[in-house]
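Take a look at the fold below.

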Amino acid sequence: MIYSVKDYGALGDGVTDDTVAINNAIVAANVAGGGTVYFPTGIYMIGAINTAVGISVLSNIKLLGAGIAASILRLKNGGNAHVLQIADAVNVSISDLTVDGNRANQTLLGTHCIRVSGVDKLHITRCTIREA
């Protein structure tokens, strides 16, 4: 099943913090046993929800964008978080997205675009990952 982040309130306008809406789409897909979380064209701003984590990717989730130039997950200025965290998960896929750490506009340097730990079967294809 496909879960569009826009159906959960994400705007992708490059201004609004879309973190909660994206996490809600991921949780809904996970509760259903897995699915594709889709990012239509847009710039999705990410901030920290808790302990320097923006988006928590759960098991059996595929994050799918409309293309690396079309769907961008960008850490908001001063977000000081990992854009994506994938921890203790199985069967995760990320495709056709740009993940932008917006490093120049952060005050902490210990965060990353994607933080991975304890993951089995992670597939990343057709993505751009920018730390700068």
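Which residues touch the most other members of the largest nonpolar core? They are Ile22, Val37, Phe39, Leu63, Leu73 and Leu84, out of 29 residues in that core. A nonpolar core here is a set of buried Ala, Val, Leu, Ile, Met, Phe, Trp, Tyr and Cys residues joined through side-chain atoms within 4.5 Å. Buried means under 20% relative accessible area, exposed over 50%, and partly exposed in between, with a 1.4 Å probe and protein chains only. At least two residues of this core come from each of α1, β3, β4 (42-46), β5 (53-57), β6, β7 (71-75), β8 (82-87) and β9. The largest share, 5 residues, is supplied by α1.

A word on the source. This is a predicted model, where local features need pLDDT of at least 70 and side-chain atom pairs count only at pLDDT 80 or more, while totals for chains, interfaces and linings use all residues. Residues are numbered from 1 along each chain as its sequence is written, and side-chain values use heavy atoms, with hydrogens and water left out.

Now the helix. α1 covers residues 19-31, which is 13 residues. Helices (H or I, at least four residues) and strands (E, at least two) are DSSP runs, numbered from the N terminus. From first C-alpha to last, α1 reaches 18 Å, close to the 18 Å expected at 1.5 Å a residue; the expected span is 1.5 Å times one less than the number of residues. Its buried residues are Thr19, Ala21, Ile22, Asn23, Ala25, Ile26 and Ala29. Just after α1, Gly33 has a positive phi of about 100°.

Next, strand β6 (residues 61-65). Ile61, Leu63 and Gly65 point to one face and are buried. β6 runs parallel to β3 (residues 35-39), joined by 5 bridges; strands pair if DSSP finds at least two bridges between them. Gly35 has Ile61 as its bridge partner in β6. β6 also pairs with β9 in the parallel sense, over 3 bridges. There, Leu64 is bridged to Ser95.

Finally, Asp96. Its place is the loop between β9 (90-95) and β10 (98-100). Is Asp96 buried or exposed? Asp96 is buried, because its relative accessible area is 15%. A polar contact of 2.9 Å joins its side chain to that of Arg126. Such a contact is a pair of N or O atoms within 3.5 Å; within protein, one must be able to donate a hydrogen and the other to accept it, and residues adjacent in sequence count only if both atoms are side-chain atoms.
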